[in-house]
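This report covers selected packing and pairing features of one protein chain. Please keep the sequence and the coordinates at hand while reading.

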Amino acid sequence: MKTKFKIVSGAIVAPKGFRASGVFCDIKRIGTGKGSNKGAKRDLALIVSDRPATVAGMFTTNQVCAAPVKVCLERVKRGKAQAVVVNSGNANACTGGQGLADAREMARFTERSLRLPGGSVLVGSTGRIGMALPMDNVRAGIIEAAVELGDTARHAANAVEAIMTSDTRPKEIAVELKLNGRAVRIGGICKGAGMIQPGMSASGRRPAARSLHATMLCFLTTDAAVPAAALQAALEEAVAQSFNRITVDGDMSTNDTVLLLANGLAGNSPRGISAADRATFQAALNHVCLELAKMIVRDGEGVSRFVTVRVSGAKNPADADAAARAVANSALVKTSWHGGDPNWGRIIDALGYSPATLVEDKVDIGYAAPGSRRILWSLRRGRPTAATFARLCAAVAAKEFDLHINLNLGRGNALMYAADLTEEYVEFNKGDVSDPAALGG
């Protein structure tokens, strides 16, 4: 559909009635593990709505599920929330009963500090797995963050910094649209660079929704008035096309979370919204989520190339998805991308071991500039084309390109936004047992 929204500044505080902050409270402890060389980086964020908001959420389907995810799963079911408290530097995952108690205490302490009703605060965490939270530091951070709350771009930037781990740059966006003639805004921030191949669902159970230690976290705000069921459905659709379509290293985190709060302060009528307005809201939310998801891949640990894997002609959508993921996560394919090698042999090999139905003599593989329909085919019907090696190398030399795969067996389509695999990724993640200070996330 034609774009009916515009980009605005402010990220999560762009919508009316939202405030944010980010502070440093030394959750990871400076000097312990990779990432500590960032010094006193902000590591605790608050996002607060001036009034109770409708809430929707999507969560990791990893069978090992972090304590903050468990708390959010309980609370999102109620359909209302007013704030989110998030820490970086510690995932609070695989921490047993103490970890669950700590996640609940983060929520309760935030409620008391902000004088909010019980059950109205959600929790997010990211960082190293298996470590207990330093709760005295967390409480001190919550008190300071509550004082620092504000609605300027600086406040949003501080919150973004506070949720980052191995990220090298902030990831934020906001858009404005019209619903029922009222100006409405959607804002978002996210983090993620490694341990990235989210597969999230509303319940945290499989299957996921589809059409060093890190995590994908995303927090979205809107001043639109949207009923809870409609908000959840909109978020599921947006996540299916964005965060559930990215991969950096093929690893699903224990903590992946997307939360969307809608406080209704824009003044649109939630009951009288037209089909056209619903489509506009969905398109805007899709755009926000997709842009944030792409930012994660482009900022992946050690990433030097961004590749959109486009599979068509599969027997069915499930086969298309399986084929796209096999190629996007193949270490051999990803290292060839890093080297600028148009090695179709590795690609067809990955297709062959995927669960997708494949007929070797029907497979097409080609390359194109991002979004272009001019495809340079390296393989047609399972046979090499006359395209020269020099032309093929030129096609994959760019920092971003599309990989087209047609299985020519049906109408199933899928895509993945993927990254190459570099020496820098290995260096960052390998650890050094001779230097304990170098270990960790």
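## Helices H5 and H6

In this predicted model, helix H5 (residues 228-240) and helix H6 (residues 275-298) have axes that come within 9 Å and cross at roughly 45°. On the H5 side the contact is made by Leu-231, Ala-234, Leu-235, Glu-237 and Ala-238. On the H6 side it is made by Phe-281, Gln-282, Leu-285, Asn-286 and Cys-289.

Asn-286 belongs to helix H6. Is Asn-286 buried or exposed? Its relative accessibility is 15%, so Asn-286 counts as buried, the cut-off being under 20%. Leaving out residues up to four places away in sequence, Asn-286 touches Glu-237, Ala-238 and Gln-241. Two of the residues named here, Glu-237 and Ala-238, are also listed for H5 in its contact with H6.

## The seven-stranded sheet

Seven strands form an open sheet with mixed pairing, in the order S10-S17-S12-S16-S13-S14-S15. Strand S10 (246-247) and strand S15 (383-384) are the edge strands, each pairing on one side only. S10 pairs with strand S17 (residues 412-419) in the parallel sense, over two bridges. Within that pairing, Ile-246 has Tyr-417 of S17 as its bridge partner.

H6 packs on this sheet, where it touches S10, strand S12 (306-314), strand S16 (400-406) and S17. The direction of H6 makes about 50° with that of S17. Helix H7 (residues 317-329) packs on the sheet as well, touching S10, S12, S16 and S17. For H7, the angle between its direction and that of S17 is about 20°.

## Helices H7 and H9

Two packed helices are described by the angle between their axes and the distance between the axes. For H7 and helix H9 (residues 344-353), the axes come within 8 Å and cross at roughly 135°. That angle makes H7 oblique to H9. The crossing of H7 and H9 is right-handed.

Which residues bring H7 and H9 together? From H7 they are Ala-323, Ala-326 and Val-327, and these meet Ile-347, Ala-350, Leu-351 and Tyr-353 in H9.

## Strand S2 and its partner

Strand S2 (residues 18-23) has six residues, and five of them are buried, so S2 is largely enclosed by the rest of the structure. S2 pairs with strand S3 (residues 44-60) in the antiparallel sense, over six bridges.

## Arg-75

Arg-75 lies in helix H1 (residues 67-76). Its relative accessibility is 9%, so Arg-75 counts as buried. What does the side chain of Arg-75 make a polar contact with? The partner is the side chain of Glu-111, at 2.7 Å. A polar atom of the Arg-75 side chain also lies 2.8 Å from the backbone oxygen of Val-121.

Beyond its neighbours within four places in sequence, Arg-75 is in contact with Lys-80, Ala-107, Glu-111, Gly-119, Ser-120, Val-121 and Leu-122. Glu-111 and Val-121, the partners in the polar pairs above, are both among these contacts.

Technical notes
Residues numbered from 1 in each chain as written. Predicted model: local features only at pLDDT ≥ 70, side-chain atom pairs only at ≥ 80, totals over all residues. Heavy atoms only, no water. Helix = DSSP H or I, 4+ residues; strand = E, 2+ residues; numbered from the N terminus. Buried < 20%, exposed > 50% of the residue type's maximum accessible area, 1.4 Å probe, protein only. Polar contact = N/O pair within 3.5 Å; in protein donor to acceptor, adjacent residues only side chain to side chain. Contact = heavy atoms within 4.5 Å. Pairing = 2+ DSSP bridges. Axes fitted to C-alpha atoms, helices over the stretch in contact; angles between N-to-C directions. Parallel < 35°, antiparallel > 145°, perpendicular 65-115°, else oblique. Left-handed = near helix turned anticlockwise from the far one by under 90°.
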